[in-house]
Amino acid sequence: MRLDKYLSDCRAALRSETKELVKQGRITIDGIRAAKSSDKVSEASIVRIDGLRVEYKKYIYLMMNKPQGYVSATYDKNKPVVIDLLDEEYKRFEPFPAGRLDIDTEGLLILSNDGDFAHRLTSPKKNVYKRYFARLDFPAEKSAVGIFGGGMDLGDFTAKPAKLEICDDPREVFVEICEGKFHQVKRMFEKVGRKVVYLKRVKIGGLRLDDTLAPGEVRELSEAECEMFFR
């Protein structure tokens with residue numbers, strides 16, 4: 001690809017900026033000073049600006065342990081958003097949440113600038129199950145397992161069959177759903193007479209929340225973790 005496209009994809013320089021950087025002799029390709037912004041490079045090329053290497057990266061895939069109090073969006077005029085938690089090295093890729101978590105819900109949130117990847121995670125047709133840990137105001141009843149598993153009419157839509165596991169403390173449960181409608185988990189428990197007082201997403205498909213991430217912390221997904229969703 002062209003050098004200016006390479007640097008643009010990496011968010012290292014605009015195409016118009018690349019031409020000026022080349023003129024100033026500030027860019028090298030595999031140790032040789034670049035001659036033109038149209039010079040050909042590959043993803044394996046060693047490109048440097050002012051001696052600092054720019055590794056090719058078009059898309060970014062991030063795992064966040066979302067804390068309470070943040071909106072799953074790129075912008076909100078009244079409340080802080082999850083993008084505010086990112087370092088500038090990630091913000092320059094302009095990632096967005098692949099799916100959402102309610103403002104008072106914690107846990108696993110994926111951010112990316114790859115629209116196809118986000119679609120694979122969020123489309124109900126893909127049947128990607130999301131697993132949540134919930135704490136309830138009163139103990140869950142065993143009958144709720146069958147109610148969740150049979151699908152549930154919530155008025156504006158009918159939820160697909162969900163998996164409900166009751167812990168040793170029946171006020172603590174795990175639930176798995178493959179949609180992600182607004183307040184869906186909370187509404188499902190309201191349907192069986194319980195209120196969710198704490199909610200945390202712990203898994204999306206085969207991807208578990210990294211328990212070394214403190215609330216608000218972020219790390220890039222590994223190639224193997226990304227591949228799980230593209231398969």
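This is a predicted model: local features need pLDDT of at least 70, side-chain atom pairs count only at pLDDT 80 or more; totals for chains, interfaces and linings use all residues.

Phe96 stands opposite Ser112 in E7. Phe96 belongs to strand E6, residues 96-97, and E6 pairs with E7 in the antiparallel sense over two bridges.

Let us stay with E7 for a moment. Which other strands are joined to E7? One is strand E5, residues 61-66, which runs antiparallel to E7 and is joined to it by six bridges. Within that pairing, Met64 stands opposite Leu109 in E7. Another is strand E13, residues 196-204, which runs parallel to E7, with two bridges between them.

Is strand E7 buried or exposed along its residues? E7 covers residues 106-112, and seven of its seven residues are buried, so the strand is largely enclosed by the rest of the structure.

I turn now to a sheet elsewhere in the chain numbering. Four strands make up an open sheet, in the order E2-E1-E3-E4, and their pairing is antiparallel. At the edges stand strand E2, residues 32-33, and E4; each has a single partner strand, so one side of each is left without a neighbour in the sheet. The partner of E2 is strand E1, residues 27-29, and these two pair in the antiparallel sense over two bridges. As an example, Thr28 has Arg33 in E2 as its bridge partner.

My last topic is backbone geometry. Most residues other than glycine have a negative phi. Against that background, I draw your attention to two residues.

Where is Asp50 found? Asp50 sits in the loop between strand E3 (47-49) and strand E4 (52-54), which returns us to two members of the open sheet. Its relative accessible area is 47%, so Asp50 counts as partly exposed.

The other residue is Asn127, also not a glycine, with a positive phi of about 50 degrees. Asn127 lies in the loop between helix H4 (115-122) and strand E8 (130-136). Asn127 is likewise partly exposed, its relative accessible area being 42%.

Thank you for your attention.

Methods. Residues are numbered from 1 along each chain as its sequence is written. Side-chain values use heavy atoms; hydrogens and water are left out. Buried means under 20% relative accessible area, exposed over 50%, partly exposed in between (1.4 Å probe, protein chains only). Two strands pair if DSSP finds at least two bridges between them.
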